[in-house]
Amino acid sequence: MDYMEPITAYVHFPWCLKKCPYCDFVSFAKAREAIDHRGYADAVLAELRKRAEALGERELRSVFFGGGTPSLWEPEEMGRVLSAITAAAGRLSPDIEVTVECNPTSLDEQRARAFRAIGVNRLSVGVQGLDVERLRFLGRLHDPDGGLGALSAALRSGMPRVSGDLIYGVAVGTADEAREQRPEHAAAEARAVASTGVTHISAYSLTVEPGTSFGELARRGRLPLAADEGVADTFFAIDEALEAAGLAHYEISNYAKPGHEARHNLGYWQGIDYVGLGCAAYGTVSRPDPRWGLRAEGSGEALALRYRNVVSPDRYMAVMAEGGEAIPVESDERLDPETRLSERIMLGLRLREGFDLEAAAAALGVAAWPAARRRAAERLERAGRLEVTGGRLRVPRAAWVFTDGIAADLF
Ligand code: SF4
């Protein structure tokens, strides 16, 4: 078979039952019955018709329904969208991955089976923790049993791959008397999630983002915060617990049994193009269709377009219902090869195996080793924060907590 460049697709579903105080994703609180399930699917299908060309000559590796809480979406409506995406692709990867992000309050065995029936083969469940007080502090609607129960229901449904999400580095109490999660407790939670039989776990440290309720509390000095040192200890405690449970730490925040790595996310980390659909979705596509309305000047193989669709679900649906050629975007920009290489460095260094800088630079037509980057790499190597083998770069595990800074030194 001829080679076809790989591509992935992301579909944003913008509603949740409740807004969590730490969340800076585009998500709006809405009761399930108040959501226009069909209208939103129609809008995404209308957008897909305009963007289908990007998928046409490509091999589709994965589809990811993220949000928001896409497990709220009626499976029948999600199924219409999924079928149209796979039909638009030039070819489907033989091991195509189709993921739905789920919250425990909108996932039971029956719903998991319904997702399975439309072609979903991976569920990612937001367990986030197994402590009542911490879950409440995070504004979650489920309790520890609800989180573990949702994982078990997903596994019982016959879903081939199930992942659980955890958040660590959370302190509860008050700003003056913050009670931090102890590393051994975080490790015990990770072990408990692993023992359900899931084959993938994501563990993220809590980040306090401006514009969120937590961000506002922090600004006023009223949010209990975990100390950086304790958060780093927790990172390594979880690492130890999950590695011992047979889940390899393959990316800074992700663990998997062999062969169960999240292929969709690997696509981002490896710099593969992705088509974003739905309100607020981002997409990055090389050689985009000129009708997509680029504002920036420039052309050429290595230039890519990064776009973001309009954020408001109402506006997105209204514009899509009007028809017409234009695709409503919040923003779009041309990415030059240097910018793309910086992104590859930032994301590639998050992987345990690192990435091939020289191959990435050659593919983008830019120099891998300008003098400043060479000097920075040598400095980082001497400090034990980087390994350079041939053209490959890798951050040793002991230095993973410094990865963002290491990547910035190499831009
Ligand atoms: S459920 Fe997820 S997407 Fe929705 S508000 Fe909470 S963190 Fe954000």
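The legends below describe close-up views of a predicted model.

**View B. Crossing of helices H1 and H10.** Helix H1 spans residues 37-56 and helix H10 spans residues 313-322. Their axes come within 9 Å and cross at roughly 60 degrees. Angles from 65 to 115 degrees would count as roughly perpendicular and those under 35 as roughly parallel, so H1 and H10 are oblique to each other. The crossing of H1 and H10 is left-handed.

**View C. Side of contact between H1 and H10.** From H1, the contact is made by Gly 39, Tyr 40, Ala 43, Val 44, Ala 46, Glu 47 and Lys 50. H10 contributes Tyr 316, Met 317 and Met 320. Sorted by class, the contact of H1 with H10 comprises 7 nonpolar, 1 polar and 2 charged residues.

**View D. Domain 1 and domain 2.** The chain is divided into domain 1, residues 6-267, and domain 2, residues 338-410. Taken over C-alpha atoms, the centres of domain 1 and domain 2 are separated by 28 Å. Domain 1 supplies 12 residues to the contact and domain 2 supplies 8 residues.

Technical notes: Residues numbered from 1 in each chain as written. Predicted model: local features only at pLDDT ≥ 70, side-chain atom pairs only at ≥ 80, totals over all residues. Heavy atoms only, no water. Axes fitted to C-alpha atoms, helices over the stretch in contact; angles between N-to-C directions. Helix = DSSP H or I, 4+ residues; strand = E, 2+ residues; numbered from the N terminus. Parallel < 35°, antiparallel > 145°, perpendicular 65-115°, else oblique. Left-handed = near helix turned anticlockwise from the far one by under 90°. Contact = heavy atoms within 4.5 Å. Nonpolar A, V, L, I, M, F, W, Y, C, P; charged D, E, K, R; others polar. Domains from an automatic or database assignment.
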